[in-house]
Amino acid sequence: MVLPFLIPSSLSPAFSMSYGTAADVDAITELYYDSFQADPRNCFWWAPEKEAMIEWMTRRVLRKMGDPSVRHYKVTDRQSGDLVAFTRWDIPQGHEAMFGEWTGDNSDAVDEFQTVIKGEDAANMYQTKEDLPVASSAPVEATTDTIDCPEGSQPELCQGFFDKLGDMSEKHDAKTMLGLSLLCTSTKYQRRGAAKALMLPMLHLADVQGLKVYLEATPHGKPLYERLGFREVDQLTFDLKEITGKSEEVYKITIMVREPMLM
């Protein structure tokens, strides 16, 4: 299955880029877990047992892959087959075709090889190899419905976390924008440019379509998103001492929007 964009030449030849599909669920789930648990502030609403979180994340990933308005892309180590990084994008209605085919049940029909951009155009579009942190975009679930919470978690914390994300999404009309819903990189492959290589081509497609891009940034991700043209439009704060009684820190998720660049 051909990607909807050209792979930036900055991506290491040791890596391949392709659609993420149902065949990748186990690897995506493990990377999802490992990325966010690296910072305990991300996890205040989690179940304490890894097994419960893996089960929940697996359900979540499969549900998202079953949504025709969602796209997953991944970078893989060609030699080892390891999952290096992946992104999940929410596509605004009417723009689905521009951002690639929905893989649906065609999970085996994946072409991992794609022509790369060369020369001056690549330098202009993909000018930096600086990579993003392990987990730099909060896991989005923009809904006011009852959330499927992990077994063993405190439902009020889980529901409250996702309700706040959903309220921000509605407040800023995120459904009209391209949404970066999830971005994770393996700690083994930090600072290899994989996550940024996944992100920049989609930003370019958004520019072509005249679309804004929406995301919720973790504290580690915010500075680099700013370098990519995102600006802060709002902020969510979670008083972890009040919520958990275990930390005196206030955890902040920054709501960011990127305006389309003139082509």
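**Strand pairing and nonpolar cores**

Modeller: Strand E3 (residues 70–77) pairs with E4 in the antiparallel sense, over seven bridges. This is a predicted model, in which local features need pLDDT of at least 70, side-chain atom pairs count only at pLDDT 80 or more, and totals for chains, interfaces and linings use all residues. Residues are numbered from 1 along each chain as its sequence is written, and side-chain values use heavy atoms, with hydrogens and water left out.

Colleague: What makes E3 and E4 a pair?
Modeller: Two strands (DSSP runs of E, at least two residues, numbered from the N terminus) pair if DSSP finds at least two bridges between them. E3 and E4 have seven, and in one of these Thr-76 has Leu-83 of E4 as its partner.

Colleague: How do you know that E4 also pairs with E7?
Modeller: Six bridges join these antiparallel strands; Asp-90 stands opposite Gly-179 in E7.

Colleague: Why is E4 called largely enclosed?
Modeller: Seven of its eight residues are buried (under 20% relative accessible area, with exposed over 50% and partly exposed in between; 1.4 Å probe, protein chains only), so E4 is largely enclosed by the rest of the structure.

Colleague: What makes a set of residues a nonpolar core?
Modeller: Its members are buried Ala, Val, Leu, Ile, Met, Phe, Trp, Tyr and Cys residues joined through side-chain atoms within 4.5 Å. The largest such core has 40 residues, and Phe-86 and Phe-238 are among those with the most contacts inside it. Helix H2 (50–65) is one of the contributing elements, and H2 gives the largest share, seven residues.

Methods:
Helices (H or I, at least four residues) and strands (E, at least two) are DSSP runs, numbered from the N terminus.
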